[in-house]
Amino acid sequence: MTPRELIAEAWAITQREKSLRHWGFFASFFETLLNLKLISYQVYFLIEYWRGGDAGFFDVEINIYHSMPHWFFWTFVITLTVLITIELFVPQLALGAITGLAAKSHAGEPATGGLVLSLYNFFPIFAIHESLFLSSWATVITACSVALRYVDGDIKFWIIGFLAFFWVVSNILAFFFSFAIPAVVIEKQGIFPAIALSFKLIISYLGRVMFLMLLLFVIVIRVILNTLIVLIIPAIVVGIALLFTFILSPAARYTIALGIGTVLVLIASYFFGYLHVFQHTVWTITFMELRKHKDLDVIG
């Protein structure tokens, strides 16, 4: 298949398979929620820094405890804990399902068994993903914020420099790891053999897979949109909460603001889900097509 045919096939599968879009929605929804939490806390720390205050990591929870009814506080804490746990694992679970279902659809098989694919491949996918945790801009911003607030002296600037360096390196490695997850799901490779195979395929067919630059462009657009949404949604929620300051009780206005924020996240996750599925479907189909060729290091 030509690069143009691969991309057309990936988009056709994305539009055709509802189960793929469902998994993509779940992954995007919880990923967006986690990024929202990380960035919202950093915005709070930045505001307190400008005010000359000393911001603590649990200030939000402490303020809610002192200003809200206890039932609201405990509901908030339990919900937050459960959500963070889900947000850390569901995107990796979804990757196994998206990759496997896309491969089945491309092979002409029914796109079923997503839950089995997600559970069976979870641990190797989680290990591969977490080895590149510094490729996430939200994670790096959070780590830089911790360094600025809790590390004394000029060494904190060295730490930030190292974090920026490893962010660049992690994103380069993420490109070479592109076929690792399809290798795990489709060929049942182990973690290190899958990574090695991904490196080998990228290097071997680099000239033939230059169309991946188009995919990278789509990823860049997704990152930019995700960044804007992550920054805009908290501003809207805070604005709504301030709007009802003199009209409703704290519990009522926070509940309304959180409800509207959740709706906005759902809408954003619906559109991100399409891009999420399309991105991984392209890599999956490309992997399947490249594996039809003989390895370049095999002679005879």
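At 35% relative accessibility, W11 counts as partly exposed, a class that lies between buried (under 20% relative accessible area) and exposed (over 50%), judged with a 1.4 Å probe and protein chains only. The model is predicted, so local features need pLDDT of at least 70 and side-chain atom pairs count only at pLDDT 80 or more, while totals for chains, interfaces and linings use all residues. Residues are numbered from 1 along each chain as its sequence is written, and side-chain values use heavy atoms, with hydrogens and water left out.

The overall layout is a friendly place to start. The chain holds 12 helices and zero strands; both are DSSP runs numbered from the N terminus, with helices (H or I) of at least four residues and strands (E) of at least two. Of its 300 residues, 41% count as buried.

Helix α1 covers residues 3-16, and its 14 residues reach 20 Å from the first C-alpha to the last, close to the 20 Å expected at 1.5 Å a residue. That expected span is 1.5 Å times one less than the number of residues. Within α1, the residues L6, I7, A10, I13 and T14 are buried. They cover an arc of only 125° around the axis, which puts them on the same side of α1; the arc is that of the directions from the helix axis to the C-beta atoms.

Aromatic rings come next, with 16 pairs in the structure. Rings of Phe, Tyr and Trp (its six-membered ring) pair if their centres lie within 6.5 Å; planes under 30 degrees apart count as stacked, over 60 as edge-to-face and the rest as tilted. The rings of W11 and Y274 have centres 6.1 Å apart and planes at 45°, so this pair is tilted. The pair links distant parts of the chain, since W11 is in helix α1 and Y274 is in helix α12 (residues 250-290), 263 residues apart. Y274 counts as partly exposed, at 22% relative accessibility.

By contrast in geometry, F176 and F199 form a stacked pair, 5.2 Å centre to centre with 5° between the planes. F176 lies in helix α8 and F199 in helix α10 (residues 191-204), so the pair ties together parts that are 23 residues apart in sequence. F176 is partly exposed at 22% relative accessibility, and F199 is partly exposed at 27%. Ring pairs also join F175, F176, F177, F179, F199, W283 and F287 into a cluster.

Helix α8 spans residues 155-176 and includes F166, which is partly exposed with a relative accessible area of 39%.

The buried residues are A180, I181, P182, A183, V184 and V185. K188 is found in the loop between α9 (180-187) and α10. Its phi is near 55°, a positive value in a residue other than glycine, and K188 is partly exposed, with a relative accessible area of 45%.
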